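Please keep the sequence and the model in view while reading the points below.

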Amino acid sequence: MRYEFLVGLRYTRSRKRAQGRNRFISFISLVSMLGIALGVAALIVVLSVMNGFQEELRTRILGVASHIQVHSVDGGLEAWQQVAEEALRHPEVKAAAPYVQEQGMLSFDEAVRGTIVRGVIPAEEEKVAEFGRHMQAGAFEALQAGRFGIVLGRDLAHALRVQVGDKLTLIAPQGLVTPAAVLPRVKQFEVVGIFEAGMYEYDSGLALVHLADAQALYRLGDAVSGVRLKLDDLFAAPRVARELALTIGTPGLAVADWTRSHANFFRAVALEKTMMTLILFLIVAVAAFNIVSTLVMAVQEKYADIAILRTLGASPASIMTIFVLQGTVIGFVGLAAGVAGGLAIAHNLDVVIPALEAVTGATLWNKEIYYINELPSQVLAADVVSIVSVSFVLTLLAALYPSWRASRVNPAEALRYE
């Protein structure tokens, strides 16, 4: 081993019999390591949660929504079969299904809730969404034309206090004009299923009926609201939507992809991820620059040692290497501890969060606020590599100035009063 590394590692180790200033320097080194470890761990956990939240939100939205929607700007699309055929000619469109989407009000006993009513054909809808996989009770296929069955989100069913087999009333805003007044259209539906998509927006505000029943209730005739499309690659949706807008010949249509329909969700997550990354990197930077004070104190303490090494023939570059190594070891130990702790927490959030809630008595994850019912986590290797690289560069930069100052020590001045 070269003597620079031997001396640098010896300076880094905390000696059991260190006293006075040496012990204080060791304490500051430990604090610097802990600061870097906490900052790196926090970065890994936060970015993993942001990645998981974004992926989970996208998965759950697209499990109920669609990759692309083609709808009429006038509110009614009669030649939907032709639109579906033209869309399916695109090589990246995998499936198409018609839908009717209107507003309504559900009433059962004394409970009343507003909802979005979506009319679908179960066999076709299963090709573009995954309601069958999300069913908690009943069956999605129980929606049959003329039966007037309805499938509710779990939270909506809980709010209305209904179960499979109960009959509730659906009130449509489109009214019947009579000489006396405008009367709302009212129809009784039987609950044939309850689904849980895991996203509060849909679980609490979406009701599914058969397409024919929705057309009859809302007096649409053979028209539908639009056609929902599923793609082979969901990330190609913006490009495919632009291409379909040019190729579909039916006039009066609008084409919207999932990135536009739920743009606010994903923009908010991306912005929050960027800002949290910057804030936490500042924490790492503060912890890294604690190394500056540690090394400055170490240089002052080792003034005589540096002078002796210089008189024995050590070059300024060797002296600088010793203290750069000392700062690098402090940073490396902190990084290693932070990465280990961050990965451990990020991979076990399903245990950590309930434990913290049990200890504090507070609700740390409210699905009504965050749209999904559990805290997700997805560790990306690229994020971990970026965090480690930037943090290591910060610790290395923090060690350069004190090390340079150590290399400039004049042996004669340092040993004058020894």
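Does Arg-219 count as buried or exposed, and at what relative accessibility? Arg-219 counts as exposed because its relative accessibility is 56%, and exposed residues are those over 50%. The model discussed here is predicted. The chain contains 17 helices and ten strands, and buried residues make up 47% of its 418 residues.

**The chain as a whole**

- The chain exposes about 21000 Å², and carbon and sulfur atoms supply 58% of that area.
- Among contacts with a separation of 6 or more, 80% are made by residues 24 or more positions apart in the chain.

- Most residues other than glycine have a negative phi.
- Arg-219 has a positive phi, near 55°, in a residue other than glycine.
- Arg-219 is found in the loop between α8 (211-217) and β9 (226-231).
- Arg-161 is not a glycine either, yet its phi is positive, at about 60°.
- The loop that holds Arg-161 runs between α6 (154-160) and β6 (167-177).
- Arg-161 is classed as exposed because its relative accessible area is 55%, which is over 50%.

**Strand β5 and its partner**

- Strand β5 covers residues 149-153 and is mostly covered, with five of its five residues buried.
- Strand β8 (residues 206-210) runs antiparallel to β5, and three bridges join the two strands.
- Within this pairing, Leu-152 stands opposite Ala-207 in β8.
- In a regular strand, side chains alternate between the two faces of the sheet.

**Gln-103 in strand β2**

- Gln-103 belongs to strand β2, which spans residues 93-108.
- Gln-103 is exposed because its relative accessible area of 55% is over 50%.
- Apart from its neighbours within four places in sequence, Gln-103 is in contact with Thr-115, Ile-116, Val-117, Pro-173 and Tyr-218.
- Gln-103 and Tyr-218 are 115 residues apart along the chain, while their C-alpha atoms are separated by 9.8 Å.

**The largest cavity**

- Rolling a probe the size of a water molecule over the atoms shows where empty space is left.
- A search of the whole structure finds one cavity of 30 Å³ or more.
- The largest cavity has a volume of about 40 Å³.
- Its lining includes Leu-43, Ile-44, Leu-47, Ser-48 and Asn-51, and also Val-379, Leu-380, Asp-383, Val-384 and Ile-387.
- Helices α2 (21-64) and α16 (381-407) each supply at least two residues of this lining.
- The most is given by α2, with five residues.
- By type, the lining of the largest cavity divides into seven nonpolar residues, two polar and one charged.

**The second largest pocket**

- The second largest pocket holds about 380 Å³ of space.
- This pocket is lined by 19 residues, of which Gln-69, Gln-101, Arg-118, Tyr-202 and His-262 are the closest to its centre.
- At least two lining residues come from each of β1 (68-72), β2, β3 (111-120), α7 (200-203), β10 (253-257) and α10 (258-261).
- The lining of the second largest pocket divides into seven nonpolar, nine polar and three charged residues.

Note on methods:
Residues numbered from 1 in each chain as written. Predicted model: local features only at pLDDT ≥ 70, side-chain atom pairs only at ≥ 80, totals over all residues. Heavy atoms only, no water. Buried < 20%, exposed > 50% of the residue type's maximum accessible area, 1.4 Å probe, protein only. Helix = DSSP H or I, 4+ residues; strand = E, 2+ residues; numbered from the N terminus. Pairing = 2+ DSSP bridges. Contact = heavy atoms within 4.5 Å. 1 Å grid on protein atoms, 1.4 Å probe; cavity = no way out; pocket = protein on both sides within 12 Å on 5 of 7 lines; lining within 4 Å. Points joined across faces, edges and corners; volume = space filled by probe spheres on them. Nonpolar A, V, L, I, M, F, W, Y, C, P; charged D, E, K, R; others polar. Areas by Shrake-Rupley, 256 points an atom, 1.4 Å probe, with all protein chains shown as cover.
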